[in-house]
Amino acid sequence: MKKRILLTSFDICLKDRQSNSSDDLLLEVSKLDLIPDYLSFFRQLPVDMQLTSTQVMKKINAIQSD
């Protein structure tokens, strides 16, 4: 099985912030033309660990089925 990498970032959690630096970085990286096919992005996850865990597991299962 080929290794896959899932890069994640959280949504902003403070009302006075306009962005999250990790999400900003993933956005810029995703714009590059050199992204290998084994790299996936899942951005702006909710800042709720139970909800996030569920969403990430669904994403991992979807990636693995490809």
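1. A salt bridge is taken here as a side-chain nitrogen of Lys or Arg within 4 Å of a carboxyl oxygen of Asp or Glu. By this criterion, a search of the whole structure finds 2 salt bridges.

2. The model is predicted: local features need pLDDT of at least 70, side-chain atom pairs count only at pLDDT 80 or more, and totals for chains, interfaces and linings use all residues. Residues are numbered from 1 along each chain as its sequence is written, and side-chain values use heavy atoms, with hydrogens and water left out.

3. Arg43 forms a salt bridge with Asp23, with the closest N and O atoms 2.8 Å apart. Since Arg43 belongs to strand 2 and Asp23 to helix 1, the pair ties together parts that are 20 residues apart in sequence. Helices (H or I, at least four residues) and strands (E, at least two) are DSSP runs, numbered from the N terminus.

4. Asp23 is buried, at 5% relative accessible area, whereas Arg43 is partly exposed, at 29%. Buried means under 20% relative accessible area, exposed over 50%, and partly exposed in between (1.4 Å probe, protein chains only).

5. Glu28 and Lys31 meet through their side chains in a salt bridge (3.3 Å, N to O). Glu28 counts as partly exposed at 45% relative accessibility, and Lys31 as exposed at 52%.

6. Strand 1 (residues 5-10) and strand 2 pair in the parallel sense over 5 bridges; pairing requires that DSSP find at least two bridges between the strands. Leu7 stands opposite Phe41 in strand 2. Strand 2 (residues 39-45) is mostly covered, with 5 of its 7 residues buried.
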